[in-house]
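Notebook open, model on screen.

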Amino acid sequence: MTEIVLRGIQKWFGPVQVIKDLNLTIAPNEFIVMLGQSGCGKTTTLRAIAGLETIDEGDILIDGKPVQHLKCSDRDIAMVFQSFSLYPHMTVFENIAFPLRATRMGKADVDKAVREIARVLRITDLLDRRPSALSGGDMQRVAIGRALVRQPKAMLMDEPIGALDAKLREEMRAEIKRLHLKQGSTTIYVTHDQVEAMSLADRIVIMHEGVLQQVGSPEEVYSRPQNLFVAQFVGSPVMNVSPAAVRDDGGAVSVAVDATVPGFPFPRELLGHLNGHASGGALAMGIRPEGVLVSREARDGYVPVEVHLIEPLGSYDIVDLKVGEAMLRARTSAGFVPAAGERVHARIDPAQAHFFDTASGQSLGVRL
Amino acid sequence: MTTLTMTTLDPRSRAARRGMSDLAIRNLFIIPTIVFLIVFNIFPLLYSLGYSFTDFRASTNAPWNFVGLENYRTLLNDPFIWNNFAITAKYVIVSVTGQVLVGFGVAMLLNREIPFKGLITTLLLLPMMLSMAVVGLFWKLLYDPSFGIINYALGLGRFEWLSNPDVALYAVALTDIWMWSPFVMLLSLAGLSAVPKHLYEAAAIDRAGPLYTFFRITLPLVAPILMIAIIFRTMEAFKTFDLAYILTSQPTTEVISIRLYKMAFQEWQTGMSCALAYIMLVMVIAITNIYVKYLNKVKER
């Protein structure tokens with residue numbers, strides 16, 4: 001039941017500013033995922049909350065108390081490191097018991113607490129082993145156990161499953177989610193993997209070059225990206241973004257991604273939403289591959305395009321469509337387009353289109 | 001086995017034109033070393049084992065007799081020899097403990113970001129580079145009761161460091177500590193810098209205090225390499241001769257190797273001294289083995 005507030009955090013490494021005026025409020029029991037490329041400041045932010053890194057300006061409040069000047073031991077938070085950081089000379093039991101023994105908890109209580117957490121994490125039969133004899137997944141379970149055992153005010157996780165292989169990563173992801181639902185503590189989780197972020201988070205915090213880009217639920221950041229960075233960072237396959245020109249020939253409105261081909265038809269409200277941004281070349285349209293509809297026969301509102309490349313992904317295909325000189329990636333059912341080089345017809349679902357100001361990168365907030 | 005893994009000689013090389021085979025080249029390099037080792041190490045070692053069962057005296061031409069285990073029996077029943085061993089044990093304990101405390105302590109101080117760290121480390125290593133005899137000679141001057149700088153600096157007046165029988169052994173140990181703490185420091189420093197930083201971060205997050213972190217994280221992780229330093233220093237201290245011999249001639253500082261020297265080259269009891277040397281050898285091996293056993297246990301994890 002801990003609220004964490006970051007207020008105006010600034011941090012420099014020498015001349016480089018790694019965190020730029022960060023403001024964020026994390027609600028009690030919330031699972032926050034900080035997402036961004038490496039070097040975007042997400043890990044530094046996490047370490048600053050933990051107390052492993054100092055900040056140059058701003059306040060970090062845990063339950064309303066400013067803690068930026070306290071040592072990590074006085075902040076009562078737990079952390080899971082990417083490298084696990086298990087103590088190699090201790091058994092699993094001793095590793096999990098370490099935070100309890102360090103604060104001089106009684107022997108019987110330590111024993112009870114460790115066995116309880118081992119049961120929850122299903123590692124009871126590993127308690128006598130040393131970390132070197134564990135698999136990556138089990139090491140991670142132990143690291144999580146060590147963090148959870150003393151019921152900290154908040155859990156910080158720094159790419160905790162980044163070092164595991166793909167299958168194990170999926171397993172541990174589910175496990176972490178299960179644990180959070182069960183134990184329910186305020187959690188901040190850092191990752192560069194957007195799939196991990198989407199599947200775990202109550203809210204995702206997207207950072208880029210030290211600047212907070214957007215905070216919102218996974219659904220929100222996916223369907224209403226606030227700027228081009230978020231639009232292209234979240235979602236796989238990546239959103240199509242191309243410079244767009246809005247044509248208004250009196251009756252119909254269309255958006256062209258290439259001057260040589262007819263534009264995709266859009267409803268007339270678009271003009272009102274764009275509010276003058278339609279003129280000039282400073283407009284970019286973003287559309288996720290599932291928003292590009294493909295038809296094999298000519299239909300009303302569909303534009304003829306050429307299939308350039310097909311990536312079969314099993315449950316669906318990603319098809320690269322050549323629209324004049326521009327490329328659009330579309331998502332179709334598996335085997336929908338038989339071969340590259342084929343001519344098909346495509347349309348853009350206006351409800352899924354996003355419009356950005358190319359200069360500022362900001363979304364224009366157009367919802368049709 | 002060596003010949004099997006050896007690569008063949010390039011037929012165009014000069015050695016090949018001179019007609020040297022791989023085997024010949026190998027022998028050229030290895031045989032001198034082996035000969036040296038046999039003549040100066042292995043032969044005397046075995047020959048002295050033979051002497052240890054005789055009453056041979058190198059100072060006379062009198063014929064020697066085979067006396068079996070008599071020498072060993074005499075030595076092990078001699079209370080004076082046991083007294084020498086007791087002195088040696090005291091010396092080893094004081095000296096090695098001192099070196100570990102000072103060496104490890106200085107290593108802890110140096111194991112952080114400080115200016116001129118490299119220079120300081122190098123300067124601290126200097127005592128180790130000196131010759132034992134030289135160290136002995138100038139510490140004798142430092143300890144001198146009338147003009148020695150130690151008494152002057154500590155304001156001890158005419159305190160007798162080396163001629164006071166109760167203090168002399170500690171004075172020798174102190175010199176040994178001064179000389180060899182840098183060795184322990186060097187190995188400890190290597191061990192300390194090998195402890196991953198993230199373990200300290202994890203311990204800080206786990207709310208461990210500085211003492212708890214030291215005893216539960218730092219010390220156990222440095223233990224194996226510290227153990228190696230202790231093995232080396234114990235062996236060396238056990239065999240100490242030059243420092244003690246040069247600094248003082250008190251009976252209370254007669255460590256076992258001085259007794260051995262006197263027995264062999266002043267009293268010329270060659271057979272008897274060979275037996276004593278073997279007793280020492282067995283003891284050093286036994287002590288070292290205890291450490292090695294412990295080291296292996298530590299290394300298991």
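How many bridges join strand S3 of chain A to strand S8 of chain A, and do they run parallel or antiparallel? I find five bridges between S3 (residues 31-35) and S8 (residues 186-191), and the two run parallel. Strands here are DSSP E runs of at least two residues, helices H or I runs of at least four, both numbered from the N terminus. Strands pair if DSSP finds at least two bridges between them.

Ground rules: this is a predicted model, where local features need pLDDT of at least 70 and side-chain atom pairs pLDDT 80 or more, while totals for chains, interfaces and linings use all residues. Residues count from 1 along each chain as its sequence is written, with chains lettered from A and ligands numbered from 1 in the order written.

Sheet: I looked up the strand order in chain A and got S6-S7-S8-S3-S9-S10, an open sheet of six strands with mixed pairing. Its edges are S6 (77-80) and S10 (211-216), each pairing on one side only. I also noted A:Leu35 opposite A:Thr191 in S8(A).

A:Val33: I checked its contacts (C-beta atoms, placed from the backbone, within 7 Å). Leaving out residues up to four places away in sequence, A:Val33 touches A:Tyr189, A:Thr191, A:Ala197, A:Leu200, A:Ala201, A:Ile204 and A:Val205.

Chain contact: I get 17 residues of chain A in contact with 14 of chain B. On the chain A side, S6 and helix H2 (92-102) each give two or more residues, and H2(A) gives the most, with three.

How values were computed
Contact = placed C-beta atoms within 7 Å.
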